[in-house]
Amino acid sequence: MKHILEFEKPVIELREKIAELRRMTENSEMDLSEEIITLEKRLEKLEVDVYDRMQPWDRVQMARHPERPTTLDYIEYIFSDFLELHGDRLYGDDAALVAGIAKFQGTPVTVIGHQRGKDTKENIRRNFGMPHPEGYRKALRLMKQADKFNRPIITFIDTKGAYPGKAAEERGQSEAIARNLMEMAGFNVPIICVVIGEGGSGGALGLGIGDRIYMLENSTYSVISPEGASSILWKDAGLAQQAAESMKITSYDLKELNVIDEVIPEVRGGAHRDVEYQASEIEKVIASSLKELSSMENSQLLEERFNKYKSIGDYAFLDL
Amino acid sequence: MLRDFFSKKKRYASIPRQEAKKDVPEGLMQKCPNCQKIFYRKELNRNMNVCPHCDHHHRLNAYERLEHIFDEGTFEEWDKHMISSNPLGFPDYEEKLEKDRLKSDLNEAVVTGRVQLNGLDTAVAIMDARFRMGSMGSVVGEKITNAIEKARKEKIPFIIFTASGGARMQEGVLSLMQMGKTSVALQRLHAEGGLFISVMTHPTTGGVSASFASLGDYNFAEPGALIGFAGRRIIEQTIREKLPDDFQTAEFLLEHGQLDRVLHRHELKKTLGMVLEIHHSGGEKT
């Protein structure tokens, strides 16, 4: 484990200690089997304590984990015959967003997702998964293609946000995102969105209008990063931890707020511990919702999509 | 002695009596932040809150705008009594709402309804930056969505005047999802051939800029309005360079192909009237 998060340190340390005792026993320096059994029991309890009671801030860290599986990792396990397609036909190709056609359990689909890098070099190439307008316009181009050829659309959301840069503004970052929101509302094919890491604001939503929205257990989805919120609201970026709690950004919060359909449970300790297993859990969810959505008439699909968004929000009326 | 009496030198500062103070109403005069000139507020109001000296467009509140642009006495307000709850239980949110309600005399940051322009019916939404910086929470999203839906069902156009700092943080992801809600409604209006005109006024940023504000069949903006996705400070920090002064202004957007026209406030009524009239004369989907 190269990257250890602060909150999981006790687990990692205990795990290392057990491994060491085991080594000593194997080398028959002394017999520590009894101690090992005791410690393993304690480890089991500790894991439950640490991972099953993760605080919002712990999940933020987990969602940002450098080893967290990315869109392309999941594509490899979940789809076959993935053919990546490039460019928006208007300006360029944005490596912060990948898209292409593939087969999902034999059914042709279009897959689109934000793409972070795995190391510094790749992160620079992929702009840390923060798209420019051309990224959103590539996505739109390929979603229109999916609509034309009646292929369901599956999107993976994993971005800190759309890139806040000069060129992005000049080329219409707002318009590119806005256009996707509106167009996604009208496609006559099922759209399934899965938040796999960070769901950062409008940049996430730009791939996020669909019939079913799922979140991996340790992913987040928010209107602004906890750091951004605390610096704006309380003029102190150091209160990010508190903001993470107040803003209600975890998968369970969003389920409770009726924004997402389901939380996809993660491997204990985070998706990166077993990518293959995690991918199979995502696959199951996609399979069942695709089956359900594919049987719907187009008009019903669009009507339900509208109702889904219409129902999000909470308000009251003034007593007169 | 006598000389002293005629001296122009004032020895004492004059302090106006309490009653005299009352004679000068609060905010009688106003200083233009752009040209620094001082003039009567009345003069400014008569000129639709456009500076008589430098043409700087000052803020116009929702009801003032209604009055300036639409036919007198034709406005019928919708959802007037809809107010924000505090869905996340966010600290201090309710106090802030109450303060803005008292300050602005509005119940929320947008006013919606049906109105006429040169005798033609239209649905309208006017955002007001005095209320929580015009930020979009559940109520703003719901009211705009309702107005779009009414426009669709009644087959009338929908005009919005945006003025917003973006999504409202105190309602978290629910605010973000209002971008989705309004855009999904616009798609339905669009699919049925409905007309949507967006007029961006100062400021139109963040989630509002990245949803309905940018989705008009016609996208107009007032001169000098700040329009953009990300905040200037964030961008400067990210790219580590100073941005030009005109960055993210209406004129900047026009130059980069993001707007149909920049419209002086004095031209707004005439231009909107022309567009409505052209659409009314034909070309609608049958």
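Trainee: What share of the contacts in chain B with a separation of 6 or more comes from residues 24 or more positions apart?

Mentor: In this predicted model, residues 24 or more positions apart make up 67% of those contacts in chain B. The secondary structure that chain B brings to them consists of eleven helices and eleven strands.

Trainee: How many of the residues of chain B count as buried?

Mentor: A residue is called buried when its relative accessible area is under 20%. By that rule 53% of the 286 residues of chain B are buried.

Trainee: Let us take one residue. Is B:Thr122 buried or exposed?

Mentor: B:Thr122 counts as buried because its relative accessibility is 0%. This residue lies in strand 6 of chain B, residues 120-127. Its side chain reaches the backbone oxygen of B:Pro157 at 3.1 Å. Leaving aside residues up to four places away in sequence, B:Thr122 touches several others, among them B:Phe70, B:Val115, B:Ile159 and B:Leu276.

Trainee: Which residues make the nonpolar surface patch?

Mentor: B:Leu28, B:Met29, B:Ile38 and B:Tyr40 form this patch of about 390 Å². Consider B:Leu28, in the loop between helix 2 (18-23) and strand 1 (29-31) of chain B. B:Leu28 counts as partly exposed because its relative accessibility is 34%, a value that falls between the limits of 20% and 50%.

Trainee: How should I read the interface, and what area is buried between chain B and chain A?

Mentor: The size of an interface is often expressed as the accessible area lost when the parts come together. Between chain B and chain A, about 4,700 Å² is buried, with carbon and sulfur atoms giving 73% of that area. B:Met169, B:Met177 and B:Phe229 supply 15% of the area that chain B buries against chain A, more than any other three residues. The contact involves 55 residues from chain B and 51 residues from chain A.

Trainee: How many salt bridges and polar contacts are there between the two chains?

Mentor: There are two salt bridges between chain B and chain A. One salt bridge joins A:Glu303 to B:Arg188, whose closest N and O atoms are 3.2 Å apart. Across the interface, 16 residue pairs are in polar contact.

Trainee: Which element of chain B gives the largest share of the side that touches chain A?

Mentor: Helix 7 of chain B does, with 16 residues. The elements that give two or more residues to that side are strand 4 (82-84), helix 6 (138-153), helix 7 (172-191) and helix 9 (232-239) of chain B.

Technical notes. Residues are numbered from 1 along each chain as its sequence is written. Chains are lettered from A and ligands numbered from 1 in the order in which they are written. This is a predicted model: local features need pLDDT of at least 70, side-chain atom pairs count only at pLDDT 80 or more; totals for chains, interfaces and linings use all residues. Side-chain values use heavy atoms; hydrogens and water are left out. Patches are made of residues with over 30% relative accessible area and no salt bridge: like charges are joined within 9 Å, nonpolar side chains (Val, Leu, Ile, Met, Phe, Trp, Tyr) within 5 Å. Accessible areas come from the Shrake-Rupley method with a 1.4 Å probe; for residues, only the protein chains shown count as cover. A salt bridge is a side-chain nitrogen of Lys or Arg within 4 Å of a carboxyl oxygen of Asp or Glu. Helices (H or I, at least four residues) and strands (E, at least two) are DSSP runs, numbered from the N terminus. Buried means under 20% relative accessible area, exposed over 50%, partly exposed in between (1.4 Å probe, protein chains only). Contact means heavy atoms within 4.5 Å. Buried area is the accessible area (1.4 Å probe) that two parts lose on being put together, summed over both. A polar contact is a pair of N or O atoms within 3.5 Å; within protein, one must be able to donate a hydrogen and the other to accept it, and residues adjacent in sequence count only if both atoms are side-chain atoms.
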